[in-house]
Amino acid sequence: MAASSKAPPSAAALVQAARRARRNAHADYSHFKVGAALETADGRIITGCNIENATYGLTVCAERVAMWKALSEGHRKFRRIAVVADTADPTPPCGPCRQILWEFGGDLDVILANLRAEKGRHKLSALLPLPFDARLL
Ligand code: THU
């Protein structure tokens, strides 16, 4: 991982990165394409898209793809995540993704958007109250 820090991207840039990542989604079964863009503490953007496969059950959501990519590239601290789907109502992270984002990202700002506009901002702690994590082990 490069040592230097970058200026934080704007929320609009984060959302735009999630929209771009969404185009790479493998969603042949649900046809529901999702993109995510995770901002690291040093201002980098790591993207993800949902990846489905023929077993259905091994599907990985865009948010977790972004987090696995970031962790595997050595990133450890995160600020925000943008999630984009082509829906009028915002698409919030599913339960398992909330858990993974919490454990590895802490109390992220979660920005929800569709292809045209931002649809809301939430603290992850509001989406996952009373979380289970390593502090309780
Ligand atoms: N999905 C995501 O990638 N992120 C979400 O926040 C919600 C759901 C994916 C999983 C599956 O590929 C498709 O959307 C339909 O559930």
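1. Let's start with V84: in this predicted model, V84 counts as buried, with a relative accessibility of 0%. You'll find V84 in strand β3, which covers residues 78–85.

2. Which residues does V84 touch, leaving aside those up to four places away in sequence? The list is V15, A18, R19, R22, K33, V34, G35, A113, N114 and L115. Take A113 from that set: V84 and A113 are 29 residues apart in sequence, yet their C-alpha atoms are 4.9 Å apart in space.

3. Next, have a look at the helix pair. Helix α2 (residues 62–72) packs with helix α3 (residues 95–105) at an angle of about 25°, and their axes are 9 Å apart. That angle makes α2 roughly parallel to α3. The crossing of α2 past α3 is left-handed.

4. Who meets whom there? On the α2 side, the contact involves E63, R64, M67, W68 and L71, and on the α3 side P96, C97, I100, L101, F104 and G105. By type, the residues of this contact split into 8 nonpolar, 1 polar and 2 charged.

5. Now the cysteines. How many disulfides are there? The count is 0. The sulfur of C61 has its closest cysteine sulfur in C97, but at 3.8 Å that is too far for a bond, because a disulfide needs the two sulfurs within 2.5 Å.

Notes: Residues are numbered from 1 along each chain as its sequence is written. This is a predicted model: local features need pLDDT of at least 70, side-chain atom pairs count only at pLDDT 80 or more; totals for chains, interfaces and linings use all residues. Side-chain values use heavy atoms; hydrogens and water are left out. Axes are lines fitted to C-alpha atoms, for helices over the stretch in contact, and angles run from 0 to 180 degrees between N-to-C directions. Helices (H or I, at least four residues) and strands (E, at least two) are DSSP runs, numbered from the N terminus. Angles under 35 degrees count as roughly parallel, over 145 as roughly antiparallel, 65 to 115 as roughly perpendicular and the rest as oblique. A crossing is left-handed if the near helix is turned anticlockwise from the far one by less than a right angle, and right-handed if clockwise. Contact means heavy atoms within 4.5 Å. Ala, Val, Leu, Ile, Met, Phe, Trp, Tyr, Cys and Pro count as nonpolar, Asp, Glu, Lys and Arg as charged, and the others, Gly among them, as polar. Buried means under 20% relative accessible area, exposed over 50%, partly exposed in between (1.4 Å probe, protein chains only).
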